[in-house]
Number of protein chains: 2
Amino acid sequence: MLTRINALRTRLRRSERKVADLVLERPDDVPGSSIATLAQRAGVSEPTVIRFCRAIGCNGFQDFKLRMAAGLASGEPYVASTVSSKDSPEALSGKVFDRAIASLVQARNHLNTEALTTAVDLLLDAPRIDVYGHGVSGLVAQDAQHAFLRLGIPVMACTDPHIHRISAATLPHGSVLIAISQTGRTAELLCSAELALAAGCRVIAVTACGSPLAEISTVTLYTDVRDDTDSYTPMASRLAHLAVCDVLAMALSMRLPAASNSHLQHTPEARIGGLPGSTRA
Amino acid sequence: MLTRINALRTRLRRSERKVADLVLERPDDVPGSSIATLAQRAGVSEPTVIRFCRAIGCNGFQDFKLRMAAGLASGEPYVASTVSSKDSPEALSGKVFDRAIASLVQARNHLNTEALTTAVDLLLDAPRIDVYGHGVSGLVAQDAQHAFLRLGIPVMACTDPHIHRISAATLPHGSVLIAISQTGRTAELLCSAELALAAGCRVIAVTACGSPLAEISTVTLYTDVRDDTDSYTPMASRLAHLAVCDVLAMALSMRLPAASNSHLQHTPEARIGGLPGSTRA
DNA sequence: AGCTAGCCTGTAGCAGAACTACAAACCCCT
DNA sequence: AGGGGTTTGTAGTTCTGCTACAGGCTAGCT
């Protein structure tokens, strides 16, 4: 929100810019103020404040105030999220964390839940489940394996293209392949996905919307961090992908017959995150 | 906020409780609604809604709306974060994401920055940097390797106890070992850390505060998600650990001479997350 | 059971907030 | 300098949030 104001600042009218400067200088004061006080402090008239809100894409002053409150709470105090060597350790850690948090919030709000539902349905019917990924996404794949396993669902994670090619080719009919990729353009992954599809299997893609992988997949769980600066996305999207895999595993374990996740159903402390007291490194 | 409402629910009056139930059921709708609509949907009169706001400690309806918006954004929407098999996919994914977001927010606010500063100082002087971890933390260690490498800092990740024991024993004097562990009680990790310390090396622990690992380490970056339910922490803490490692790598690269991170300094798009356009899987 | 005290709930009215229509002022261009 | 268009402020309207007050329900006592 603040970054947005900053970006649009130059394209605003003179008196609207006064409002923008005031908001950028003291963002905390916005939610508590009314139009009148804000207009007075900026030295402009009340409708100008409303026009400012419209100009930056809000639906009026109320909406603007709400968004500001939300933005401040979710921790986007630093306008320029660009880190610089002059930043203090505090500022730097704040920026990195804020970025990570913002990406998760976005991922939560933009996750297509109907795709999630069908993905779970596919997984329920699958005789075997494989998870593939390379590079950082390879780590996500392995993490997904952990998450599924913890919930009593056997899956196999593959990070080596030669291995997952073989595995994909030998998947029994109806199996599900979860393909994780930040870009959705990794050739080896696309190849294995097509092999699996040809063998009558389903592919659940956790990747960017509109990518080649998303195109060929049965279902795509996109977590687009459709934000201003896409240079962040590699770092941001891996966190979103981790969370999406957790959601998948959790949703699946909920739908399985009680026997397979009895350790979750029967212990009162059992919640997200697996068995309490389990000593995981 | 929502947890507060839930806690006070039984002490509310009958018609106020109707409002509470409505809010708990559909928290997202609150910020967009007015008193009138909320009152109508709850089947009560408008002043009752205001009385409800006062009862839960707010300064009126406006204040209540703002706090709700803030709460939702910072990621605590669903009261009972306990997932149940009756949850819809939306609710489930919301809960999982909210949990992840909340843990990152907490980690950000509780990260000890003075420890971060000294950690960076230690890393700057280190002739070699190793990162160890097991299980899920092993994946974090590998992810950290990625992050450091991307910023031009060579580090070695180890997830095998036998290997990192050898590596720790042969670390040159002044080297730094980053030990990642959710519990801080993994015997093998403690052993290698002690070997490194005996050899005149420093240990930066990314682990729970007060754990055995934290005790023996030179510096501890604790990311305690000191929350109500600690059964979630395994899942939550791994995200926090990932972020902490990112912060470490970023802070270090900022302090290094320009030559080693020139690709960051000279390209205008260079920001958190590495080189733009890099095709990472 | 009937009555009364006290609390809870809804109606009516008021102040102020957000927003809209219109007119004045400004700027730029010819 | 004058006229078109844009920008800004003024006046008015609607609706929102809030308060004062009165009716009704519950509960306890006789």
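Helices α6(A) and α7(B) are roughly perpendicular to each other, a class that covers angles of 65 to 115 degrees, whereas angles under 35 degrees count as roughly parallel, over 145 as roughly antiparallel and the rest as oblique. In this predicted model, local features need pLDDT of at least 70 and side-chain atom pairs count only at pLDDT 80 or more, while totals for chains, interfaces and linings use all residues. Residues are numbered from 1 along each chain as its sequence is written, chains are lettered from A and ligands numbered from 1 in the order in which they are written, and side-chain values use heavy atoms, with hydrogens and water left out.

The angle between α6(A) and helix α7 (residues 113–125) of chain B is about 100 degrees, and their axes are 9 Å apart. Axes here are lines fitted to C-alpha atoms, for helices over the stretch in contact, and angles between N-to-C directions run from 0 to 180 degrees. Pro89(A), Glu90(A) and Ser93(A) of α6(A) meet Thr113(B), Leu116(B) and Thr117(B) of α7(B), contact being defined as heavy atoms within 4.5 Å. This contact has 2 nonpolar, 3 polar and 1 charged residues. In this classification Ala, Val, Leu, Ile, Met, Phe, Trp, Tyr, Cys and Pro are nonpolar, Asp, Glu, Lys and Arg are charged, and the others, Gly among them, are polar.

Helix α6 of chain A comprises residues 89–110; at 1.5 Å a residue, its 22 residues should span 32 Å, in agreement with the 32 Å between its end C-alpha atoms. The expected span of a helix is 1.5 Å times one less than its number of residues. Of the 22 residues of α6(A), 17 are buried, so the helix is largely enclosed by the rest of the structure. Buried denotes under 20% relative accessible area, exposed over 50%, and partly exposed the range in between, with a 1.4 Å probe and protein chains only.

Chain A as a whole contains 13 helices and 5 strands. Helices (H or I, at least four residues) and strands (E, at least two) are DSSP runs, numbered from the N terminus. Of its 281 residues, 56% count as buried. Among the contacts in chain A with a separation of 6 or more, 67% are between residues 24 or more positions apart. Chain A exposes about 11400 Å², of which carbon and sulfur atoms supply 52%; accessible areas come from the Shrake-Rupley method with a 1.4 Å probe, and for residues only the protein chains shown count as cover.

Helix α2 of chain A packs against two other helices of that chain. The 12 residues of α2(A) should span 16 Å at 1.5 Å a residue, and its end C-alpha atoms, 17 Å apart, agree with this. Its buried residues are Glu16(A), Val19(A), Ala20(A), Leu22(A), Val23(A) and Leu24(A). Helix α2 (residues 14–25) of chain A and helix α4 (residues 46–55) of chain A pack at about 75 degrees, with axes 9 Å apart, which makes them roughly perpendicular. On the α2(A) side the contact is made by Ser15(A), Glu16(A), Val19(A), Ala20(A) and Val23(A), and on the α4(A) side by Thr48(A), Val49(A), Arg51(A), Phe52(A) and Ala55(A). These residues divide into 6 nonpolar, 2 polar and 2 charged.

With helix α3 (residues 35–42) of chain A, the axis of α2(A) crosses at roughly 105 degrees and comes within 9 Å, again a roughly perpendicular arrangement. Lys18(A), Val19(A) and Leu22(A) of α2(A) meet Leu38(A), Arg41(A) and Ala42(A) of α3(A). By class, this contact has 4 nonpolar, no polar and 2 charged residues.

Individual residues were also examined. Ala115(A), in helix α7 (residues 113–124) of chain A, is buried, with a relative accessible area of 11%. Its C-alpha atom is separated by 6.7 Å from that of Thr220(A), 105 residues apart along the chain. Residues up to four places away in sequence not being counted, Ala115(A) touches Val219(A), Thr220(A) and Leu221(A).

In chain B, Phe61(B) is found in helix α5 (residues 61–73) and is buried, at a relative accessible area of 10%. Beyond four places in sequence, Phe61(B) touches Ser33(B), Ser34(B), Ile35(B), Leu38(B), Val49(B) and Cys53(B). Arg185(B), by contrast, counts as exposed at 55% relative accessibility and lies in the loop between β3 (176–180) and α10 (187–198) of chain B.
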